[in-house]
Amino acid sequence: MSRMRYRMRNMRWLAALAAVLFPVTVFAEWGLNLPPPSSSVAARILDLHNAIMLVCLVIFIVVFGVMFYSLYAHRKSRGHEAHQFSHNSKLEVVWTVIPFLILVGMAIPSTATLLYMEDTTESELTVKITGYQWKWHYEYLEHDIGFFSNLSTPRAQIENREPKGEHYLLEVDNAVILPANRKIRFLLTSNDVIHAWWIPKFGVKKDAIPGYINEFWTNVDSPGTYRGQCAELCGKDHGFMPIVAEVLSPEEFDAWVESQQPKQVAAVMTDAVASTAEEPAAADSNREWSMDELMEHGKTVYFQCVACHGVEGQGVPPTFPPLTGSEITTGPLDAHIDIVMNGKPNTTMAPFKLQLSDADIAAVITYERNALGNSVGDLVQPSEIAARR
Amino acid sequence: MSAAHTDAHDHHHDHRPSGIMRWLTTTNHKDIGTMYLIFSLTMFFVGGIMALAIRAELFQPGLQVVNPELFNSLTTMHALIMIFGAIMPGFVGFANWLIPMMIGAPDMALPRMNNWSFWILPFAFAMLLGSLFTVGGGPASGWTLYAPLSVQGGAGVDMTILSIHMMGISSVLGAINIVVTIMNMRAPGMDLMKMPLFVWTWLITAFLLIAAMPVLAGAVTMLLTDRHFGTAFFDPAGGGDPVLFQHIFWFFGHPEVYILILPAFGIVSQIVPTFSRKPLFGYDSMVFATAGIAFLSFIVWAHHMFTVGMPLAGELFFMYATMLIAVPTGVKVFNWVATMWRGSITFETPMLFALAVVFLFTIGGLSGLMLAIVPADFQYHDTYFVVAHFHYVLFAGSIMSMMGAAYYWLPKWTGRMYSERLGKTHFWLTTIFFNVTFFPQHFLGLAGMPRRIPDYALEFTEFNVISSIGAFGLGLAQLLFVYIIIQAVRGKNKKATAQVWEGADGLEWTVESPPPYHTFATPPTVK
């Protein structure tokens, strides 16, 4: 294992060396420009980017062509005598006016593209995105669908204990599902600090700000998987909240929406009437769980708490309190259930009753009280959580 | 030349305490300038070590060297230390040494305040660095301290806020001193439009400091009261507005950007004519361009925040205003090239650095123009493209101009030449490794790598490897810089003449090298 890693490291060295020695061949694979666009917005940005890049390059070459010619031709070592001029009004006016005209030339297409991007009218679908430390929540406003999207790269890969997968850090448990060839409007906000939602191939990046609802739109050309990342520093795990969009053909998308409906209805019903359908979540809430079951399930649910409270419950004081030996996890059970279900105002601690099932909450509380260096001994049944909804 | 005679006379009046008390109590602009420069160089290495820790972590995907919390502290501290600890005090050091000597004044106008504004700094930075050792670590919200993220975090954030207050006081005091000195202490005949361009750029920079630093003080004070005293300036739950912080911060932050670069323009405008053996081309337009940039710097701040979701009219206004900055900046570059044109050019180390500043700063300037284009900025914003952009203007612009300035004026200050061979080696190592470090970051940004992340997707590996190798080379090359300075200061090298450089022009070159402790006690007459 370690030898393989060592060899991989060696190979990277070689790659880097090769890059320095043979830049052109290697760069071809790495991508020197914005990624190929997958939406009309991204395509327009790419055209604009290429155009201004070209203008800048031409200016650069002309100006420094003159400078390097002068450095070559007007050297003292070539015996060049210094001329003592220091003004030329005509020239100075020319090189003030020409750049201004070039700027006007750049401003026109930029303005046109911006007007195009800002027009969010006539959209066919609205998706509300909410940023959390450190995950995204997606809500389909017309369809009553909502879910969280978390990083799915295993901890072991990040800590170099396992080889890294192809989509390392750019993979999630629930991708946002979108239709191709439809104008999609996004509404964007945040639950805690500022985040930014960005998929480069869509050509959209916008900040998710608490207290604000921002909007933007895109129109994806073709089905596929598209990846991006949070772009605004949002704390410790800013580098670990990727964005993945699964784009389906419009028909597939409609079918997906359809398939989501019954589940959603059932979920709403569990909230209202605890003992209806054969929906598994409801069944879980009703039956009696054993300590082992709760602990085992709790360990997997606790993965969601690790970002702040630490793998071993050590937390990140003083921002994120430890769970080992804390007042909450070793004190009265009531307070513990309350904080997990309802969160703590003005902190990152979210009301998890909105995100987790009764069984999840019961299990994770049981786990927190009997693992992570704690051994209170009590356990919580999912039915108790259901009763407090 | 009558000035030199008077100076020799003054030598007998150099009463000053020796040892540490000399430096603690000094009111001499040369001593204070030296302390500022040593402080700046020290902070340059402290911030540089943090940068190397960052680059070591980013050498490979995965977490190896630091954890994400410390990584965020390191990026935050690296920026604060380099901006407030290395670049700003560095330029103030040059201003202290040079402005009185360039305008024929015996010292700064307010010498005790000068002492005070320096001695605040070591305490401010001790507190900032001390925050790393508090529970919860140093500030981790980026040097921009955006709320609400900066409302999280422990005592380290409060220490940072207080140290920013102290740095702000120091800067404002220093700036007031510079304005008063330039306005009141010029030698007879030294009209404003005869002042060396370095003095002009510093005069304008000082006004920017006086206008901008209190705004930063306001922003961080509001942050402090939000954190501890129940206010909700930036908390939407209490009716506040997180974006308000960004507006206030960048209203300071954009003038700050020019505070960090205008003195560099001044330095280049001193060095290029000397080694072209020609007067500066377009002096008047240089002054007007500097003033124009300073004015524009106050109406472009929101181009740092195009993605917050401003109204269309706001985005258009800030885009157009920002693009306009290219005009006066272009004028400066054209003037420098025209200064070289048909000169008699030689390539001593200061000239090499000045040329690199013009060349590399222009790359940063052009990428800045690209960043001004709002739709394109939506792709570049908060990526490594931005990181590359501001290192091209801040490292290649500000830091390398100071290196050039050190080589240019060191013989005047120490009376000894530095080693030209080592100086050129230092130049080439710095320039090459700088580009190896930062040029690939343009590509990383375009490919989609966000900034401020401790770990990255595999497709970004190769350019990060190159960038990290370059960073270590760049860091090591600076040890040579220290060696060269020490060598020159210890006086083993060839003696420098008063003129030092064949083409040098200005009052500072009329006094002997090294200059006496007090220069121009009797003002020289400027024709």
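Predicted model: local features only at pLDDT ≥ 70, side-chain atom pairs only at ≥ 80, totals over all residues.
Within chain A, strand E10, spanning residues 242-248, is mostly covered, with 6 of its 7 residues buried. Strand E10 of chain A is paired with strand E4 (residues 176-179) of the chain, the two running parallel and being joined by 4 bridges; in this pairing, A:Val176 has A:Ala245 of E10 as its bridge partner. Strand E10 of chain A also pairs with strand E9 (residues 224-229), in this case in the antiparallel sense and over 6 bridges, and here the bridge partner of A:Thr225 is A:Glu246. In a regular strand, the side chains alternate between the two faces of the sheet.

B:Ala321 is part of helix H11, which covers residues 312-324 of chain B, and B:Ala321 counts as buried because its relative accessibility is 5%, where buried means under 20%. When residues up to four places away in sequence are not counted, B:Ala321 touches B:Leu296, B:Ile299 and B:Val300. The C-alpha atoms of B:Ala321 and B:Ala372 are 9.0 Å apart in space, although these residues are 51 residues apart in sequence.

B:Asp382, by comparison, is located in the loop between helix H14 (374-380) and helix H15 (384-414) of chain B. B:Asp382 also falls under the 20% limit, and therefore counts as buried, with a relative accessibility of 4%. Its contacts, leaving aside neighbours within four places in sequence, involve both chains: B:Asp382 is in contact with A:Ala231 and A:Glu232 as well as with B:Pro450 and B:Arg451.

A search of the whole structure for cavities of 30 Å³ or more finds 6. The largest cavity contains about 120 Å³ of space and is lined by 14 residues, among which B:Met88, B:Pro89, B:Val92, B:Ser170 and B:Ser171 lie nearest its centre. Helix H4 (68-103), helix H6 (155-184) and helix H7 (197-228) of chain B are the elements that give two or more residues to this lining, and helix H4 of chain B provides the largest share, namely 5 residues. By class, the lining of the largest cavity consists of 11 nonpolar and 3 polar residues, with no charged residue.

The second largest cavity, with a volume of about 100 Å³, has a lining that draws on both chains, including A:Met117, A:Glu118, A:Lys205, A:Trp217 and B:Phe378. At least two residues of this lining are supplied by each of helix H4 (89-118), strand E7 (204-208) and strand E8 (214-218) of chain A. The lining of the second largest cavity comprises 5 nonpolar, 1 polar and 4 charged residues, whereas the lining of the largest cavity has no charged residue.

Definitions and conventions. Residues numbered from 1 in each chain as written. Chains lettered and ligands numbered in written order. Heavy atoms only, no water. 1 Å grid on protein atoms, 1.4 Å probe; cavity = no way out; pocket = protein on both sides within 12 Å on 5 of 7 lines; lining within 4 Å. Points joined across faces, edges and corners; volume = space filled by probe spheres on them. Nonpolar A, V, L, I, M, F, W, Y, C, P; charged D, E, K, R; others polar. Buried < 20%, exposed > 50% of the residue type's maximum accessible area, 1.4 Å probe, protein only. Contact = heavy atoms within 4.5 Å. Pairing = 2+ DSSP bridges.
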